[in-house]
Protein chains: 2
Amino acid sequence: MAEKKLVEAITSMNEDFAQWYTDVVKKAELIDYSNVKGCMVIKPAGYALWENIQKELDRRFKETGVENVYMPMFIPESLLQKEKDHVEGFAPEVAWVTHGGLNPLQERMCVRPTSETLFCDFYKGDIHSYRDLPKVYNQWCSVVRWEKETRPFLRSREFLWQEGHTAHATEEEAVARTEQMLNVYADFCSEVLAIPVVKGRKTDKEKFAGAEATYTIEALMHDGKALQSGTSHNFGTGFAEAFGIQYTDKENKLQYVHQTSWGVSTRIIGAIIMVHGDDSGLVLPPMIAPTQVMVVPILQKKEGVLEKADEIKNKLIASGFRVKVDDSDKSPGFKFAEQEMRGIPVRVEIGPKDIENGTCIICRRDNGEKIEVKIDELSAKISELLPTIQKDMLERAKKHLEEHTYVAKDKEEFKKVFSEKSGFVKAMWCGCQECEEKIKEEMSVTSRCMPFEQENISDECVYCGKPATKMVYWGRAY
Amino acid sequence: MAEKKLVEAITSMNEDFAQWYTDVVKKAELIDYSNVKGCMVIKPAGYALWENIQKELDRRFKETGVENVYMPMFIPESLLQKEKDHVEGFAPEVAWVTHGGLNPLQERMCVRPTSETLFCDFYKGDIHSYRDLPKVYNQWCSVVRWEKETRPFLRSREFLWQEGHTAHATEEEAVARTEQMLNVYADFCSEVLAIPVVKGRKTDKEKFAGAEATYTIEALMHDGKALQSGTSHNFGTGFAEAFGIQYTDKENKLQYVHQTSWGVSTRIIGAIIMVHGDDSGLVLPPMIAPTQVMVVPILQKKEGVLEKADEIKNKLIASGFRVKVDDSDKSPGFKFAEQEMRGIPVRVEIGPKDIENGTCIICRRDNGEKIEVKIDELSAKISELLPTIQKDMLERAKKHLEEHTYVAKDKEEFKKVFSEKSGFVKAMWCGCQECEEKIKEEMSVTSRCMPFEQENISDECVYCGKPATKMVYWGRAY
């Protein structure tokens, strides 16, 4: 039984979630491991997902006035060192280039782990007057961080991302841009990926190296662990002062620019897998699925079956859907299993009997529901079904998030919930880093964010009992 | 005079073509030099060109069945060394990573100068049976070659490109793919960039390190120098044998795969500049221009002028054109000069008098022609004008190519034409590398390609007088 083999090869989620994840990325052919340690090969099915993510995000960026550019991939060591916090955060995990061709370099350079320093160096020469502002630039590229332990999409030595870097005349404008881009990310996750997120601010301990404030969107995976899915940083004038990026304002006075940066990476593909996937494999939201409908012919050697399958495909493509026919010489059961493994949202089954009756079977990937539909009404049905699937997937993910968000009022409750449950825990915090560190030490959980939507759960810090200043989402994170 | 300043800053083409080129890339804001030696910053106007090139090429690739992937950017030294010719060609010009974080690497790795070795290593594990073939993969990425002398777009230590890498069951299929992709490139150049090219095969001396045959498209720049604008390589089974990439055929026998690779880089932006540009700056073919029409309001402070300009913009955008209004506080003359410098194909001038008359002035960037048009007929006129400009630009470039392609029958003629003229010279060649090398030594010209369209100019090699085997295009190259 070929179809059996394909399915049996996946570990069940509840048995071993980490192994299930690895099985899915491999079996759905999203990635392959490479002989370059800690780096992955992104295969066509994985890269097509990234292309769709890029297309959607890029369009949304450009609607807000973003322009794309490209900076060098190397950072001379002296440039990396210009902002103190930044170099401390990144220097231990960069890859160093020391030789060009046969000769040693006069100054070694790292492969960018992120490009703040390069953008600052560029802005220093490019910004002179208030007329040159704002700069709202972004680049799509790969970055390198020398991680010790790696996992496909979630943590690898090289990953793909976009990094936006902006410069503004005023603090207000920079703050507004930081929030605007966080909202772009959150809306994208919810509308396109069907992933609900919690929006909030990172604590000082968890913020980006060199930032004044870091904002984040946090998503909850199926196993109850959190995944930081996008960040937006307000730098204030910190980088501008370190790099000397000044402009002449309307009163002819020299001012430092206010900067932001924001990024989303291929990590988000990990979120798609771990929020929506099930024991049959990947489940893709229709809006991001490279193939939305797979037509599977039954008894395809019978006259007219393949022709009908192609006819259906062409009709659906003409209606604007992304459709394929699986006309390989595998058995229908094997094809079903493959389509399910790859997370294709809808399967259309068409065989000789269906053709006789002028009907076909459509099957939803997200809930397994099967419906008989008249072939003539198929396009209309699919137009209706895809948005329904998209909506239902978001609803399910929202429900999961709600059901796995807990509240703890005191230390005991806090420990109890994390020992019994897996998810977010909302709890009050006094604002001091010591409590945050002790919580991490004792419970192996970290502060995920101080959400924009604050609640007053109690008046006291969940750890030390002193007056609370913030409600925090805590959790175990990828 | 602000507009004067902008224009005066460019060197005239005939005075100093190299300086003209540098002035244009800088003044049209395509690139900026960076503090990373030999690397450039691609600014919004330059990157938008690359995005349009990517979009057009990627669509054409996918129509031929290409799938995009992403390979690691690092190549372990031992992997680079697997194919003998390949390592000899590239090792002297790669950047070496020797440290990850604080620790030296066990094996140093280079930043990819090209990814044949990575694709081969991947294919070795991914290809088993004839069912796994063909593989028609491509990636969009940046590569690094440690060049000593660099020039924006034409030669830099890091550049952006696409590299296609395919594996096939048969030699015929590999040969067909090599030719198909060369044709995709040639058609793209002609149809989208308005650049005519000569298609042909490289001599063994000029072919890619590790290739059995390299095919090329060669374009002629305004100064008569050649620019290799895209290449397509047939590897035969050379890499497959070095890496052990075998598949089981239908008769259950082990066979080596046949491979190809093909690439186009940001270098092609250099060709756009040097084929079409003039003393006022860049001239962009409408199909690739990020902005196709710039609306310039005249006396814009007068009531209704800016409103009318915006109305025109919106109408043209609704008709599917890429349009902007220059409503900055610069003078019209300055705006004209800027629009010309940036190569925007059409300018629409609209002032109070025009509005009164219900007309506007449109001005072609490529030939300076001005026409008065009724505002109501503007969209129709632009629909007609943009393809006309595109066509005229291709015609002019073709004429330039023809007028600067010469013929030489013997050594004396050959030397004479290269001492007096600048362009391609068609001449016969015996096929021996010694003649090719001596020609390079004595005349500082190289063989550009053995064109597919062969002519019999004479029966003897232009250098040694022995029987000729091929007609070759010779020229000075970028």
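## Strand pairing across the two chains

V97(A) stands opposite V97(B), a residue of β5(B). The two strands involved, β5(A) and β5(B) (residues 95–100 of chain B), pair in the antiparallel sense over five bridges. Pairing requires that DSSP finds at least two bridges between the strands. Strands (E, at least two residues) and helices (H or I, at least four) are DSSP runs, numbered from the N terminus.

This is a predicted model: local features need pLDDT of at least 70, side-chain atom pairs count only at pLDDT 80 or more, and totals for chains, interfaces and linings use all residues. Residues are numbered from 1 along each chain as its sequence is written, chains are lettered from A and ligands numbered from 1 in written order, and side-chain values use heavy atoms, leaving out hydrogens and water.

## The interface

Chain A gives 51 residues to the contact, and chain B gives 51 residues. Contact means heavy atoms within 4.5 Å. Together the chains bury about 4,200 Å², 62% of it on carbon and sulfur atoms. Buried area is the accessible area (1.4 Å probe) that two parts lose on being put together, summed over both.

Between the chains, 23 residue pairs are in polar contact, both residues at pLDDT 80 or more. A polar contact is a pair of N or O atoms within 3.5 Å; within protein, one must be able to donate a hydrogen and the other to accept it, and residues adjacent in sequence count only if both atoms are side-chain atoms. Strand β5 (residues 95–100) of chain A supplies the largest share of the chain A side, six residues. Four salt bridges cross the interface. Each needs a side-chain nitrogen of Lys or Arg within 4 Å of a carboxyl oxygen of Asp or Glu. One joins D126(A) to K43(B), at 3.3 Å from N to O.

## An enclosed helix

Helix α6 of chain B (residues 116–126) is largely enclosed by the rest of the structure, because nine of its 11 residues are buried. Buried means under 20% relative accessible area, exposed over 50%, and partly exposed in between (1.4 Å probe, protein chains only). Among the buried residues are F119(B), F122(B) and D126(B).

Most residues other than glycine have a negative phi, and most peptide bonds are trans. The bond from L133(A) to P134(A) is cis, with omega near -5 degrees. The bond from L133(B) to P134(B) is also cis, with omega near -5 degrees.

F153(A) has a positive phi near 70 degrees. F153(A) is buried, at 2% relative accessible area. N252(B) also has a positive phi, about 70 degrees, but is exposed at 64%.
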